[in-house]
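Please read the points below alongside the sequence and the model.

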Amino acid sequence: MRRAKNLAINFIRGFCMALADSVPGVSGGTIAFLLGFYDRFIGSLDDLFHGKKNDRLEAIRFLAKLAIGWIVGFGMSAAVLTSFFDSHIYEVSSLFMGFIVFAIPVVALEEKRSLQGRWGNLAFTVAGIALVVAVTLLNPASGAGVNVAIEHLDFGLVAYVFFAAMIAISAMVLPGISGSTLLLIFGLYVPIMGAVRSVMGFDFAYAPILGVFVLGVACGVLLFVRLIRFCLRRYRSQTIYCIVGMMIGSLYSITQGPLTLASPMPAMGLGQFSVLFFLIGGAVVAGLQLLKRKLDDTPSENHKDR
């Protein structure tokens, strides 16, 4: 019974992370933070490549459970949610803004010991805001991207997708920066999500580029996750302040999301802002916190890897 409950908890965790990772605006890392298993998630990714045998086996067991939920969630999102993103961009953007605004105090309370009394580290919050705003300013005028079918592949395109995947995965595991937003910046969000839908429909012309993308993701995990884990262990206060800054900066990134569509729309202003969906975003945060308390009767895993 306990094993089944553990499997269900991690399935839901992975499912929620996938919904966030698949649509520009919120990262799966933010979900992991809100559900209280971010440190264990980062630690398991690092142990998968660098850990001792027992740590590696434990990481495989944990990540495999997450992966089941993530694959199901990502598949559903690729089939349904991304089209909703295109047709209701302002509502989705308002929802993500509500999610971020209500999530910031949750993160601050969760990390109260790391933040309280260390006000000098607010400089890292400013740096986090500046980083996300600077990355967002690189957004292309259109998110239509490039053709990644097998007949259009060449060395330059393969290398570009590989390195873009490396950078995107580093964002997906960080609270505050959306890997999907970075893919938009690189002009690869629409092509990669289209490739996923095509392969799900048994059109394997896009399978090679997805293989390249997965290799890039694996290399990104190998290179960046160890650095993130080190920073959380040795410089936790500075890292959390920076993460909060990145979450604040992502509010600007979300307002610019409509510019990255295949058919660009104006950046979101007050006239397009939806109070209803903003509040729904806040309700999602409250629901995730309730889910965390209901499903997990063990202490928060967010401090487990300190």
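1. R226 has a relative accessible area of 41% and therefore counts as partly exposed, where buried means under 20% relative accessible area, exposed over 50%, and partly exposed in between, using a 1.4 Å probe and protein chains only. The side chain of R226 meets that of D46 in a salt bridge at 3.1 Å, N to O, a salt bridge being a side-chain nitrogen of Lys or Arg within 4 Å of a carboxyl oxygen of Asp or Glu. Because D46 lies in helix α3 and R226 in helix α11, the pair ties together parts that are 180 residues apart in sequence. D46, for its part, is buried, with a relative accessible area of 4%.

2. On provenance, this is a predicted model, in which local features need pLDDT of at least 70 and side-chain atom pairs count only at pLDDT 80 or more, while totals for chains, interfaces and linings use all residues. Residues are numbered from 1 along each chain as its sequence is written, and side-chain values use heavy atoms, with hydrogens and water left out.

3. Which side chains pair with R236 in salt bridges? One is D39, at 2.8 Å, N to O; D39 lies in helix α3 (residues 38–50) and R236 in helix α12 (residues 236–255), so this pair links parts that are 197 residues apart in sequence. Another is E111, also at 2.8 Å, N to O; E111 sits in the loop between α5 (89–110) and α6 (112–115), so its pairing with R236 in helix α12 ties together parts 125 residues apart in sequence. Salt bridges that share partners also join D46, D47, R226 and R229 into one network.

4. Buried residues make up 50% of the 306 residues. Of the contacts (heavy atoms within 4.5 Å) with a separation of 6 or more, 82% are between residues 24 or more positions apart.

5. V217, in helix α11 (residues 207–234), is partly exposed, with a relative accessible area of 23%. Leaving aside neighbours within four places in sequence, V217 is in contact with A165 and I169; the C-alpha atoms of V217 and A165 are 5.2 Å apart in space, although the two are 52 residues apart in sequence.

6. Helix α10 (residues 189–200) has 12 residues and reaches 17 Å from its first C-alpha to its last, close to the 16 Å expected at 1.5 Å a residue, the expected span being 1.5 Å times one less than the number of residues. Its buried residues include Y189, P191 and I192. F202, which follows α10, has a positive phi, near 65°.

7. Where is A64 placed? A64 is found in helix α4 (residues 53–87) and is partly exposed, with a relative accessible area of 38%. I68 is also found in helix α4, and at 44% relative accessibility counts as partly exposed.

Key: Helix = DSSP H or I, 4+ residues; strand = E, 2+ residues; numbered from the N terminus.
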